[in-house]
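Open the model in your viewer and keep the selection tool at hand. Each stop below says what to pick and what is there.

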Amino acid sequence: MRREKEEIAVLVRATPEKSKKDWEGHAVGVIGINKHRELLRLYPLGFRYGEGLVDFRKNDMLEVTVTKPEHDIRWESRKVLSHTNLGKSLREREIKELILPLVTSIERLNIEGASLGVIKPEIQNIEIRVNSTEAYDRQQYFNLMGDFLEKGEKTARMPVEIRFYFRCEGEKACRGHKVILFDWEFNETVRNIIRDVHKPAAVEKKVKEHFSDLIKEKELYFIMGTHFTYGTWMITGLFCPEKNGKIQSSLSGF
């Protein structure tokens, strides 16, 4: 694949990882969507702790120069050579307009051989496993999440693991799923909770209350992605627009 430029809107910022090569500091992965409504996995976007952190947020527009990754055969994946924040963000309703046509089910994604997708879940239960209330330093917390991703749950633990039991809305063939959550922003909330509340039962209660409050006035969509090594599905991000928001096309400039 030649070098190409893409304008993308950021849907998910993955958990920062320590960079193993190319530069010192940290790297972050992104799931973005382009003007053709294609979901793309973009990595690595470099940054340094203490220097403004990541220079973009969810919904921000980026221009990225990309090429084909050397070792990632997933067709949605791109290696980022450089990125520029374009200094503008899409509104929530504009993001919703982009992703609504993509809403599907895990069953259909598996048939298509996809490694990224958007689903609307019917939540049946939420499981919260509190492994540690001591690791609430931001970098330590992110490092432990990175270890979990790299080594798997048999040899590594996240401080707090959140798994959703759900069905894919509108999919008759769906028998239900149990999938772990890796959303950066939600885990930032969890990290702040364990910084203030140290008893596991209290942490679990606070996390459930936060999620309950979240979905009272907001719709819930899961941005799904597969694990690089194991191919299993993970909830990489949450998209939570206001309920009953009207969609009016305003994407002519994107």
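Start with β7 and β8 (residues 116-119): two bridges join these strands, which run parallel. Strands here are DSSP runs of E with at least two residues, helices are runs of H or I with at least four, and both are numbered from the N terminus. Two strands pair if DSSP finds at least two bridges between them. Now pick V103; its bridge partner in β8 is V118.

A word on the source: this is a predicted model, where local features need pLDDT of at least 70, side-chain atom pairs count only at pLDDT 80 or more, and totals for chains, interfaces and linings use all residues. Residues are numbered from 1 along each chain as its sequence is written, and side-chain values use heavy atoms, with hydrogens and water left out.

**The sheet**

Next, select α1 (residues 92-99).

Is α1 mostly covered or uncovered? Mostly covered: six of its eight residues are buried. Buried means under 20% relative accessible area, exposed over 50%, and partly exposed in between (1.4 Å probe, protein chains only). Colour E94, I95, K96, E97, L98 and I99 to see the buried ones.

**The loop**

Move to G231, in the loop between β12 and β13. G231 is partly exposed, at 43% relative accessible area.

**The cavity**

Which residues line the largest cavity? Select V10, L11, K58, N59, I95, L238 and F239. β1 (4-13) and β13 (233-239) each give two or more residues to this lining. On a 1 Å grid over the protein atoms alone, a cavity is a set of points where a 1.4 Å probe fits but cannot get out; lining residues have an atom within 4 Å of a point.

**Zoom out**

Show the whole chain: five helices and 13 strands. Of its 254 residues, 49% count as buried.

Technical notes
1 Å grid on protein atoms, 1.4 Å probe; cavity = no way out; pocket = protein on both sides within 12 Å on 5 of 7 lines; lining within 4 Å.
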